[in-house]
Amino acid sequence: MKNIPKKKVILYIIGILILLFLGKIYTSTGFLKQNDLDKKDSEVWEFKDEIIVGAEAFTIEGTSGTCWALYHGYTSTPPVYKELAIAINNEFNDTVIVPRLKGHGMLPSNLLKHNIDEWYKEMEDIDCQYIVGSSTFAGLTLKYAAEHDPEAIILLGTYIKAPHILGSPFFIKIAHSLGSYSYKNTVGTIDDPEGQKVHIATWGFPLKSVVDYHENYLPNILANTKNIKAKTLMIHATHDTVASLKEAKALYNTIPSEKQFIETKGNHLILRDYDKEKAIEAILSFRES
């Protein structure tokens with residue numbers, strides 16, 4: 001039996017890798033099935049006035065004169081902040097505002113009707129001393145702090161880039177070009193099963209705004225951290241599979257203001273995971289200081 005030429009072996013391996021990659025893209029994104037973006041969410045959630053029941057915005061009024069604005073992450077919803085908002089109000093009698101950003105908490109196709117410009121404008125329309133942002137909206141909170149100088153910011157699972165190659169901007173852009181969305185394996189990146197049970201977010205995950213974030217926002221955000229004067233608290237999960245801990249620490253080192261970095265157990269959605277009490281206590285202590 002003749003030996004197969006080395007060149008052919010390499011071509012076979014490359015072909016298999018391409019097929020595996022396309023198979024992964026087909027099973028986890030909208031490749032060849034762009035019309036299915038809303039399919040799973042329409043089957044899983046109950047809706048009222050086109051909004052997932054339980055995903056509504058909320059405000060807890062206080063009389064201290066201090067207010068907080070809490071911004072959920074991309075595809076997430078306001079209830080992720082419920083326990084934190086109640087704790088802040090109970091402890092300090094501060095007003096806590098938790099908006100539902102446009103298109104969120106609805107069928108995921110609604111996210112394609114809006115963009116980061118609109119969401120950032122929503123952030124600018126609320127004037128509070130304390131700003132909390134999660135994931136990509138932690139990034140936008142940094143932008144807000146550099147431009148508007150709030151008293152303090154809290155950043156949860158700050159998304160600069162993923163800790164693995166398939167979550168790199170390059171592969172996200174390829175996946176976006178092949179299909180307009182991906183499907184999450186779980187409703188939220190949470191290790192605690194109890195947190196998974198109560199979390200409300202869309203399963204469909206349009207990639208358009210993630211590409212926009214990397215290309216048109218992140219370079220400006222990273223370049224302007226030197227202008228941040230607000231006290232800064234960063235909380236990041238040690239085993240975050242969405243947002244790189246290493247990149248978050250590198251960013252933290254560029255912030256010139258008074259700051260603190262805390263690591264927690266669990267995954268990306270810190271306030272739904274094992275160390276949520278530790279995170280809430282850290283935020284309350286940060287306010288006291």
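Helices (H or I, at least four residues) and strands (E, at least two) are DSSP runs, numbered from the N terminus. This is a predicted model, in which local features need pLDDT of at least 70, side-chain atom pairs count only at pLDDT 80 or more, and totals for chains, interfaces and linings use all residues. Residues are numbered from 1 along each chain as its sequence is written, and side-chain values use heavy atoms, leaving out hydrogens and water.

Let's start with a helix pair. H6 (residues 169-178) packs with H8 (residues 208-223) at an angle of about 145°, and their axes are 9 Å apart; the axes are lines fitted to C-alpha atoms over the stretch in contact, with angles running from 0 to 180 degrees between N-to-C directions. The crossing of H6 past H8 is left-handed (the near helix is turned anticlockwise from the far one by less than a right angle). On the H6 side, Pro-169, Ile-172, Lys-173 and His-176 make the contact, and H8 brings Lys-208, Val-210, Val-211, His-214 and Glu-215 (contact means heavy atoms within 4.5 Å).

## Two positive phi values

Now for the backbone. Most residues other than glycine have a negative phi. Glu-50, not a glycine, has a positive phi of about 75°. Its place is the loop between strand S1 (47-48) and strand S2 (51-52). Glu-50 counts as exposed, at 56% relative accessibility (exposed means over 50% relative accessible area, buried under 20%, with a 1.4 Å probe and protein chains only).

Ser-135 also has a positive phi, near 60°, and sits in the loop between strand S6 (130-134) and helix H5 (136-148). Ser-135 counts as buried, with 9% relative accessibility.
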